[in-house]
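Here are a few notes to read alongside the structure. Keep it open and look up each residue as you go.

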Amino acid sequence: MSDEHKEERRSDAPVSAGGLHGILAEYETPSALVAACKKVRDAGYQKWDTYTPFPIHGIERAMGIRMTSLPWIVLVAALTGLATAIALQWWTNALDYKFISSGKPMWSIPANVPVYFELTVLFSAFAALGGMLLLNNLPHPSHPLDHKQQFAKVTDDRFFLYIERADERWDAAETHEMLAATHPVTLEDVYEDESTPAQVPGKIVLTLAVVAVVALVPFGVFAKMRTSRNTEPRIHAMGDMDWQNKFQAQQPNKLFPDNMAMRAPEPGTVAADEHVDDDHLTTGKVDGQFVRTFPSSFKIDEAAMARGKQRFEVFCAPCHGMSGNGDGMVAQRASALAEGTWVPPTNLGLEYLGKMPVGQLYDAIANGVRNMPPYASQMSVEDRWAVVLYLRALQKSKAAPASELTDAERAALK
Amino acid sequence: MAQATDVNPFDAAPKGPNAFAQITDNVARVAELPKPPRGWYIAFGIALTLLSVFGVSIGWLFWTGIGIFGNMNPVFWAMPIVNFVFWVGIGHAGTLISAILYLLRQNWRTAINRFAEAMTIFAVICAGVFPGLHVGRPWLPYWMFPLPNQMSMWPQFRSPLEWDVFAVGTYFTVSTLFWYMGMIPDFATFRDRSTTKVRRLAYGIAAMGWRGSSRQWHRYERAYLILAALATPLVLSVHSVVSFDFATAQLPGWHATIFPPYFVAGAIFGGFAMVVTLAVPARQFFGLKRIISVGHLELMAKIILATGMMVGYAYSMEFFVAWYSGSDYEMFTFVNRAMGPFAWSYWCMIFCNVVSPQVFWWKKMRTNPWVILVVGVVVNIGMWFERFVIVITSLSRDFLPSSWGYYTPTFWDFSLLAGSFGLFFTLFLLFCRYLPMVAMAEVKAFHPSAHAHGDDH
């Protein structure tokens, strides 16, 4: 350790024309200091302090230091932390972005307890350190004592007692005499520190101000972006998989003469399983005319009728009703709501439908009609014909003359 | 470390007219002598090499993606999680020593608490790296925090993984505050002893104008007590929450109520093992044997023995509960642990964690620093294997035999583990050289001559 440097920093002479600030007594043992403390305390001094390298057991009483209010600050912080944790979890998970997890309620206190605990401790810890610094008036960069050479030992092995001149009971001679009677190793006057500027240098203030303003810029950008109406995609620092090295459907592609990435099938291409060479069966038309007969490969029997009934009840009945009267549940609901866009489903029992070619009924099922959607993707060719078959049976049941019934049936109706 | 040619200046008797000055000199010269001992340079060289391995591994991971890991169906949680839990566990001894032993008035803690706290913080830093690395998209870890974002989504607070974010984050923050507050008076000592402007400025800023006023000491001690009281339940909560990551899952071998206390005991065990692993060479290199005595090491050896028995109890209790549960899956999992394809890791764990600490029943063993060092290293290895056993054996063979598999770590799995040690030791060696390694003010306060005679109470 270079003593030369120390000399420069800590000189015993008054640094400048600064006035007397106080008187400093130095002791070699904690016991000597504590004994001196009691004297100063009993003499009624207020603006005085002791400086020691470590906390001395029992010195609070010897100095008359009252219990600090720090625990109350920490309690307030703890409750703030708890309230923050409750509000945070309630607002984010039960209010702003609701979703169910593991069948727990939206607002499930037991699952939120760990975070309550953690934030309570976190806030309290900040308050304990911050409150300690605040109450201790730290950071405290400069002090008149810093100019006393012997005071450098305060963080090593020496014990000091300092009485400020600002104390009401201060009397230069009397105070000196009282401290001299406690047998200090040294007893010296301390002068005001005028070498250290009272104000923080302007350069530092300016730098801090600039840093503070610059630090706000990203937050300003975030705030702007959050309210932006820009339709461009968000800024991607990392592309994730949003941009891939491939051609997409509507993009140009110079590899092909037509400059299109999407390839149309060759004319006449038929997908596997798609084509059966029987227009009567697959389209319900022959030479552009709707057929009036069922296709020859479609076998009309009781199984086909049952299948048609079952499919009809799945796909048709919701709108057209179980008996085809156009009063299905969807239709009833839509009429109740009286939506202007709703086109009521047709009553399938109407006479003109009974005379319509079966090919046209088939075509309506496969390709849709008016706002009825096509069912080709949901019903196979055979199922469509089966539904047409069942539909014919339904129509017949509505308009059948009594002469067409068997005797047994007529008897049953009576 | 005494060399053939020159004498280690750190071994010289500390200067000073009294016990307090000698304590100051003994600790402060570690940071003040112009050159650290040769052992420090060797250790620092190794640590920096490992740190660069860490950097390269992370760079390659970010460039390539997590496909470089050995994680594969069904073992999707593998070494990154093992390493995370391992480092978090290590990070428990420091705050335990600072907080719990403080509340219990175990004054011997003052010799070791500072660097145990430093160890805690560096271990939690190492731990914190792995969750960020294993998510696969390392530019998205901010999703873990409740930050307003362009997706208008919030984290899921009913998930143990989210509790982990808060538990580990709070633990790191509170430990750092506690550590820093403890160092304020020692920074002031360094400031007052400084001989260069840079040191005076740096330590002066860190000390914030601390001058040892008794009125300040009063609030300081109160704040320290409050922080200790806060950190005590915190230290118990952190590894409990980490254990919830496993215990709330339905997987046999994870779904156990014993996990929180079992994890906490294991963390203290592993943490103390790391403290002795660091303390033995540190006191040797830096001439701190007067402050960190064999008596201190012996006390830590006793804690290692006691906590080692606790984890041994937990291991056996897991087997008992698996049998007592009557669940075929649970029973199979534990039979599989001891006799399945990963039996080698299980028995390695049992040897390291249960058998090796038994040497501390003999006083001769627990007062020999080098035996303590060896056991400390062995226990660290064992605690790593404990996490390996829990994660890998349970995942690799769960309910459905058709999806069973074996886990083989890759080179990069190991290079990240080794690299994290590089980060840890680099930080620790820098700490030894530049920060007060022993809490001087606290050691002085418990010195016999620190007591003021005739105080009136």
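The points below cover some helices and one histidine.

1. First, the ground rules: this is a predicted model, where local features need pLDDT of at least 70 and side-chain atom pairs count only at pLDDT 80 or more, while totals for chains, interfaces and linings use all residues. Residues are numbered from 1 along each chain as its sequence is written, chains are lettered from A and ligands numbered from 1 in the order written, and side-chain values use heavy atoms, leaving out hydrogens and water.

2. Take a look at α6(B), residues 160-193. Its 34 residues span 48 Å from first C-alpha to last, close to the expected 50 Å (1.5 Å times one less than the number of residues). Helices here are DSSP runs of H or I, at least four residues, numbered from the N terminus.

3. Now find Ile184(B): α6(B) has a kink of about 40 degrees there, shortly before Pro185(B). The bend is the angle between axes fitted to the seven residues ending at a residue and the seven starting there.

4. Buried means under 20% relative accessible area (1.4 Å probe, protein chains only).

5. Over in chain A, His320(A) belongs to helix α9, residues 302-320. His320(A) is buried too, at 12% relative accessible area. Its contacts (heavy atoms within 4.5 Å), not counting residues up to four places away in sequence, include Asp327(A), Pro345(A) and Met372(A).

Technical notes. Helices (H or I, at least four residues) and strands (E, at least two) are DSSP runs, numbered from the N terminus. Buried means under 20% relative accessible area, exposed over 50%, partly exposed in between (1.4 Å probe, protein chains only).
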